[in-house]
Amino acid sequence: MNNLPTLYLGELMRLRKYNILSASLFVAILWVGVIYFSEIQELSTIFPLLVFIDATSMAILLIGATMFFEREEGALKTLFISPITRSEYIWAKVSAGISSNLLTLLIIYTYARFFRELDLSFLGLVGAVILISGFHSLVGFLLSYRSRTFTDLLMSMFIYFLALALPVVLDLLGMIESKFLSNLLYLLPTKAAQVLLVGTAGVGETWEIIFSAAYLLILGGILYWFVIKRFTDFAARESGA
Amino acid sequence: MFQVKDLSFRYPRNKQDTLRDLSFSINDGEIFGLLGPSGVGKSTTQKVMTKLLPDYRGEILFRNQDLKSYGRDFYQGIGVGFEMPVHFSKLTAQENLTFFKKLYRENADTDALLERVGLIKDKDKKVAEFSKGMKVRLNFVRALLNNPRVLFLDEPTMGLDPKNSRIIKDIIKEFRDQGGTVLLTTHLMNDVEELCDRVAFMANGQIEEIDTPKNLKLKYGARSLEIEYSENDQIQSASFNLDTFGRDPEFLQIIQNKTVLTIHSSETSLDDIFIRITGVETDE
């Protein structure tokens, strides 16, 4: 019996009822505000940066917030004794996170497309957001496993961004001059995410984009293995162990 | 239904086993009570038997098959009633039940259950607006929504008024009478006395005693007969050996010549047995 559709629809319903989706839409409107108040007409450079920040941070936050509520309300316990598999539970959350990120993308893309100049491949953006959001949703799982409170999660997220996302943003803004350091960033999944996003504007070599997509997929696969493996420990711990 | 052999379990951060060599069985169609003071391992036993804590030692057979060999389908046939609230508070009771029902192959008529436990009028209210007692009753409905064959219940009447407590107990008895099996964990000895076919008393991570409530009372009760009678306008009392009172001249003289006020065998209560076996008061 495949419970993934039921779990996915349940996730979407709870995202709505717990106002997590509203918060996500509010952030999307904030990005629209950023675009509105900026004087930049040609958005092809800044737009990938906005999507990068949203797809990475919101993906982690959505997983963290939903798991936090499930934990606080004891609903995790009743899910653990339901006939669902670990992978169904994880995929439902990842899919819901990706859906929310795609909705944000649609909102800010539509605004930017109609009111400013934007020359990006929409399909490329969709593909990139799916990969980046999916990967960071899995990061969200690992951070949530470790966090006892929502504040713990925010702290872990802050450290993650300081260590992995900030250098990429600095590089994107041309603030890292050393070629060696710049090349070293290719080891980071956040760099792969950035390459994919700027690639939708036709920036970067084809091999670089393919490498980044493959790198995120492979790292995502490894991460998924860890998330699944550690889920049993997490479930046992939440059950009192 | 369940055969538990030499079950031991240690929490990862503990130095000692929480469960130590537990052995017991739960028969088809019985209500089996697991009793003991807080922290003795009752909930841990239940969590191990519901596959929430997989790293146990020893053997648990469920329907003559190793529990570890069961996949997620194990949960299709069991229901677990938690003591604490386990529902999504910003969803209504109906939304919660509808969501969980879709995860199972078989569904109970939850409207009938809600009606029975007095929640039908509140089914479209958010769970956050429910009182503690309403949440307990909703937990109970959640445990039954997949028409389970086995029920694990943790303090199912805790926090309920006598009327609702009676309804829940009646449903549990009906479940048993229809062939269902129940593992009941509770501190409420009245519930145990009324519901359980057999009980196990736990102390220090071990099972100290298993038997029917009646046999335990016989075993731990003093075999005496207490009599109160009136003499010279005063109430007198006397105690006789239950095995020989029929031949005791003093007893015969009392019942022939005095006005007997009360007469009863001296039965010990499950509360007393609990304290004697576990060394702890039941309200701990």
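How many of the nine residues in helix H2 of chain B are buried? Eight of them, so to speak of H2(B), residues 93-101, is to speak of a helix that is mostly covered. Before I go on, please keep in mind that this is a predicted model.

Okay, let's stay with that helix for a minute. The buried residues in H2(B) are Ala93(B), Gln94(B), Glu95(B), Asn96(B), Leu97(B), Phe99(B), Phe100(B) and Lys101(B). And what covers them? The cover includes pieces from both chains: helix H1 (4-17) and helix H4 (75-80) of chain A, along with helix H3 (110-116) and helix H4 (132-144) of chain B.

Now for chain B as a whole. Chain B has 284 residues, and 52% of them count as buried. Its secondary structure comes to nine helices and 13 strands. The C-alpha trace spans about 70 × 45 × 35 Å along the principal axes. As for the accessible surface of chain B, that is about 13,300 Å², with 44% belonging to carbon and sulfur atoms. One more number here: take the contacts in chain B with a separation of 6 or more, and 66% of them are between residues 24 or more positions apart.

On to salt bridges. Over all chains, the count is 25. I picked a few from chain B.

Here's one: Arg198(B) and Glu30(B), whose side chains meet with N to O at 2.8 Å. This pair links distant parts of the chain, 168 residues apart: Arg198(B) is in strand E9 (residues 198-203), and Glu30(B) is in the loop between strand E2 (19-26) and strand E3 (31-35). Are these two residues buried or exposed? Arg198(B) is buried because its relative accessible area is 18%, and the cut-off for buried is under 20%. Glu30(B) is buried too, at 6%.

Next, look at helix H5 of chain B, residues 162-177. Asp170(B) and Arg166(B) are both in there, four residues apart, which is about one turn of the helix. They form a salt bridge, with the closest N and O atoms 3.2 Å apart. Asp170(B) is partly exposed, with a relative accessible area of 26%, and Arg166(B) is partly exposed with 32%.

Then there's Lys173(B), which pairs with Glu194(B) at 3.1 Å, N to O. Lys173(B) has a relative accessible area of 22%, so it counts as partly exposed. Glu194(B) counts as partly exposed as well, at 28%.

Those residues belong to a wider set. Arg166(B), Lys169(B), Asp170(B), Lys173(B), Asp191(B) and Glu194(B) are linked in a network of salt bridges.

Let's jump over to chain A. Where is Arg116(A)? You'll find it in the loop between helix H5 (86-115) and helix H6 (122-146) of chain A. Arg116(A) is buried, yet it has no salt bridge: the nearest side chain of opposite charge is Glu117(A), and that is 8.8 Å away. What the Arg116(A) side chain does have is backbone oxygens: a polar atom of it lies 3.1 Å from the backbone oxygen of Tyr36(A), and the side chain reaches the backbone oxygen of Ser38(A) at 3.2 Å. Leaving aside neighbours within four places in sequence, Arg116(A) is also in contact with other residues, including Ile35(A), Ile40(A), Gln41(A), Leu43(A) and Tyr111(A).

Leu131(A) is 15 residues along the chain from Arg116(A), and their C-alpha atoms are separated by 26 Å. Leu131(A) lies in helix H6 of chain A and is partly exposed, at 22% relative accessible area. Not counting residues up to four places away in sequence, it touches Leu196(A), Ala213(A), Leu216(A) and Leu217(A).

Last stop: a nonpolar surface patch of about 500 Å², made by Met155(A), Phe158(A), Ile159(A), Leu162(A) and Leu166(A). Take Leu162(A) as the example. Leu162(A) lies in helix H7 of chain A, residues 150-172, and with a relative accessible area of 48% it is partly exposed.

Methods
Residues are numbered from 1 along each chain as its sequence is written. Chains are lettered from A and ligands numbered from 1 in the order in which they are written. This is a predicted model: local features need pLDDT of at least 70, side-chain atom pairs count only at pLDDT 80 or more; totals for chains, interfaces and linings use all residues. Side-chain values use heavy atoms; hydrogens and water are left out. Helices (H or I, at least four residues) and strands (E, at least two) are DSSP runs, numbered from the N terminus. Buried means under 20% relative accessible area, exposed over 50%, partly exposed in between (1.4 Å probe, protein chains only). Lys and Arg count as positive and Asp and Glu as negative; His and the chain ends are not counted. A salt bridge is a side-chain nitrogen of Lys or Arg within 4 Å of a carboxyl oxygen of Asp or Glu. A polar contact is a pair of N or O atoms within 3.5 Å; within protein, one must be able to donate a hydrogen and the other to accept it, and residues adjacent in sequence count only if both atoms are side-chain atoms. Contact means heavy atoms within 4.5 Å. Patches are made of residues with over 30% relative accessible area and no salt bridge: like charges are joined within 9 Å, nonpolar side chains (Val, Leu, Ile, Met, Phe, Trp, Tyr) within 5 Å. Accessible areas come from the Shrake-Rupley method with a 1.4 Å probe; for residues, only the protein chains shown count as cover.
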